Amino acid sequence: MAFSRRRFIVGAGMLGGIAVAPLQALYTRAAFGQTTKGAGYGPLLPDPDGRLDLPAGFRYTVFSVAGDLMSDGNPVPAAHDGTAAFAGPGGTTILVRNHEIGPVGLTRVVAPRSKLYDPLARGGTTTLVVSAGRRLIKDYASLAGTVYNCGGGATPWGSWISCEEDTSTPDTSPLVSVPHGYNFEVPISATAPVDP
């Protein structure tokens, strides 16, 4: 029997609906601070600063806000996305963070032209070094000139792989000057923008 595209899509939609119900239940429990075994952390309490509601006894620290100046003198880019945390020297934690910025926008990861993968692109990564006492020591651009840096992954050898979520080329978009859709490695030892 032939299996049409329409039958496949309808079947997939029905299976998707069946799979969604358990996930919705899991997300609902998480939203109320409960684990899958029913023992939870309690209800979320409103944050007076309006940033992040947490259960009683939990806390957070803000290290970086879009628009603030970083240690390298440039503004913190917007659109924070995928991030990894690495153990650094002297009890520090090194965070490498994506910025999912497209080729058009009011913000960009700033770097010298020689360190830009694409001079027209605005995305990339920033690196934050945090003390054992949860204080920001320094922060700076670590990859620049990329677009839509969304996902990524930490490597066992101490680097972040930042992945572009875009496959534009100069033939398909006047907003880029080189092909995109690549993964870029940012070593945690980098103290300035890497060569992309």
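**Fold, core and charges**

Tutor: Of the contacts in the chain between residues at least 6 apart in sequence, 48% join residues at least 24 apart; contact means heavy atoms within 4.5 Å. The model is predicted: local features need pLDDT of at least 70 and side-chain atom pairs count only at pLDDT 80 or more, while totals for chains, interfaces and linings use all residues. Residues are numbered from 1 along each chain as its sequence is written, and side-chain values use heavy atoms, with hydrogens and water left out.

Student: In what order do the elements of the chain run from the N terminus on?

Tutor: Helices (H or I, at least four residues) and strands (E, at least two) are DSSP runs, numbered from the N terminus. The chain has one helix and nine strands. From the N terminus on, the order is α-β-β-β-β-β-β-β-β-β.

Student: What percentage of the 196 residues in the chain is buried?

Tutor: A residue is buried under 20% relative accessible area, exposed over 50%, and partly exposed in between (1.4 Å probe, protein chains only). By this rule, the buried share of the 196 residues is 33%.

Student: Which residues touch the most other members of the largest nonpolar core?

Tutor: A nonpolar core is a set of buried Ala, Val, Leu, Ile, Met, Phe, Trp, Tyr and Cys residues joined through side-chain atoms within 4.5 Å. The largest one has 13 residues, and those that touch the most other members are F86, I94 and V96. At least two residues of this core come from each of β3 (80–87), β4 (93–99), β6 (136–146) and β9 (183–187). Leaving out residues up to four places away in sequence, I94 touches A84, A85, F86, G88, P89, T127, L128, V129 and I188.

Student: Why is β4 described as largely enclosed by the rest of the structure?

Tutor: Strand β4 has seven residues, and the description follows from how many of them are buried. It is largely enclosed because the buried residues number six of the seven.

Student: Which residue in β4 is the bridge partner of F86?

Tutor: Two strands pair if DSSP finds at least two bridges between them. Six bridges join β3 to β4, and the two strands run antiparallel. They form a hairpin with five residues between them, and G90 in the turn has a positive phi of about 65°. Within β4, A87 has T93 as its bridge partner, and F86 has I94.

Student: Which residue in β5 stands opposite H99?

Tutor: Strands β4 and β5 pair in the antiparallel sense over seven bridges. In this pairing, the residue of β5 opposite H99 is G124.

Student: How far apart are the closest N and O atoms of K115 and D195?

Tutor: A salt bridge is a side-chain nitrogen of Lys or Arg within 4 Å of a carboxyl oxygen of Asp or Glu, and the structure holds one. K115 is partly exposed because its relative accessibility is 23%, whereas D195 is exposed at 58%. The salt bridge joins K115 to D195, and their closest N and O atoms lie apart by 2.7 Å.

Student: Where in the chain do these two partners lie?

Tutor: They link distant parts of the chain, 80 residues apart. K115 is in the loop between β4 and β5 (123–130), and D195 is in the segment after β9.

Student: Which side chain of opposite charge is nearest to D118?

Tutor: D118 lies in the loop between β4 and β5. Excluding neighbours within four places in sequence, D118 is in contact with G145, V176, S177, V178 and H180. For charge, Lys and Arg count as positive and Asp and Glu as negative, while His and the chain ends are not counted. D118 is buried yet has no salt bridge, and the nearest side chain of opposite charge, 7.4 Å away, is R108.

Student: What is the phi of R134?

Tutor: Most residues other than glycine have a negative phi. R134 is found in the loop between β5 and β6 and is partly exposed, with a relative accessible area of 39%. Although R134 is not a glycine, its phi is positive, at about 60°.
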